[in-house]
Amino acid sequence: MKKTEPVKCVIGFTAAAERWDVSDKTIQNWIKKGLPVSGTQRKRVFDVSECDAWVASYRDEKADRESQKLNEELKKEKLLQEKLKRKDLERKDLIANEKLISREEYELFAAECVIEARDQMLTLPKEMRRHLCKKCQSKVKEMQTMIEQTLLRLSEIEEGPKK
């Protein structure tokens, strides 16, 4: 049996791509980023020892960059969580010191006011509505729509007003 000599160089994009288990396009991108290569555009020659070192270094740097990016994202998320927690504590403190009405109390109060206004409008005697001019009738309908929209908006409020 003959001993096979270790490969000293690889010729062509396809052979290089197979060697480092990537696509031809990746090899072309790596060349732009500094992968050592010689030869002409048609016949690229890759020195295996130099290229193996470059590829290992590039992959390590890429892993470091991805790890660093993940760490930065985790830090941002942690800061956001701390900020939300601090804001919630401040809000609870304002409610405890009676400088802020709780959202639930505010929503209940506002909903009661709007519902009362709606009920007042709905209790207009039917005979009276018949005698209203068309412009006034459309105003009544417009106000009813506005009250319904206000009720919808109240359900989306995050915190109540200051006392």
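How many salt bridges does the count come to in this structure? The count comes to 2 salt bridges, where a salt bridge is a side-chain nitrogen of Lys or Arg within 4 Å of a carboxyl oxygen of Asp or Glu. This is a predicted model, in which local features need pLDDT of at least 70 and side-chain atom pairs count only at pLDDT 80 or more, while totals for chains, interfaces and linings use all residues. Residues are numbered from 1 along each chain as its sequence is written, and side-chain values use heavy atoms, with hydrogens and water left out.

**The chain as a whole**

- The protein chain has 6 helices and 3 strands, taken as DSSP runs numbered from the N terminus (H or I and at least four residues for helices, E and at least two for strands).
- Read from the N terminus, the order of the elements is β-α-α-β-β-α-α-α-α.
- Of the 163 residues, 17% count as buried, a word that stands for under 20% relative accessible area, whereas exposed means over 50% and partly exposed lies in between (1.4 Å probe, protein chains only).

**The two salt bridges**

- Asp52 and Arg19 meet through their side chains in a salt bridge at 2.7 Å, N to O; this pair links distant parts of the chain, since Asp52 lies in helix 3 and Arg19 in helix 1 (residues 13–19), 33 residues apart.
- Both partners are partly exposed, Asp52 with a relative accessible area of 29% and Arg19 with one of 39%.
- Asp88 and Lys92 form a salt bridge at 3.4 Å, N to O, and because they are 4 residues apart in helix 3, about one helical turn separates them.
- Asp88 counts as partly exposed at 34% relative accessibility, and Lys92 is also partly exposed, at 48%.

**A buried arginine**

- Arg44 is found in strand 3 (residues 44–47), and although Arg44 is buried, it has no salt bridge, the nearest side chain of opposite charge being Glu50, 12 Å away.
- Leaving aside neighbours within four places in sequence, Arg44 is in contact (heavy atoms within 4.5 Å) with residues including Val10, Phe13 and Val37.

**A positive surface patch**

- Lys33, Arg59, Lys62 and Arg65 form a positive surface patch, for which residues need over 30% relative accessible area and no salt bridge, with like charges joined within 9 Å.
- Helix 3 (residues 48–96) gives the largest share of this patch, 3 residues; Arg65 has its place in helix 3 and counts as partly exposed at 43% relative accessibility.

Terms used:
Patch = residues over 30% accessible without salt bridge, like charges linked within 9 Å, V, L, I, M, F, W, Y side chains within 5 Å. Areas by Shrake-Rupley, 256 points an atom, 1.4 Å probe, with all protein chains shown as cover. Lys, Arg positive; Asp, Glu negative; His and termini not counted. Charge placed at Lys NZ, Arg CZ, Asp CG, Glu CD.
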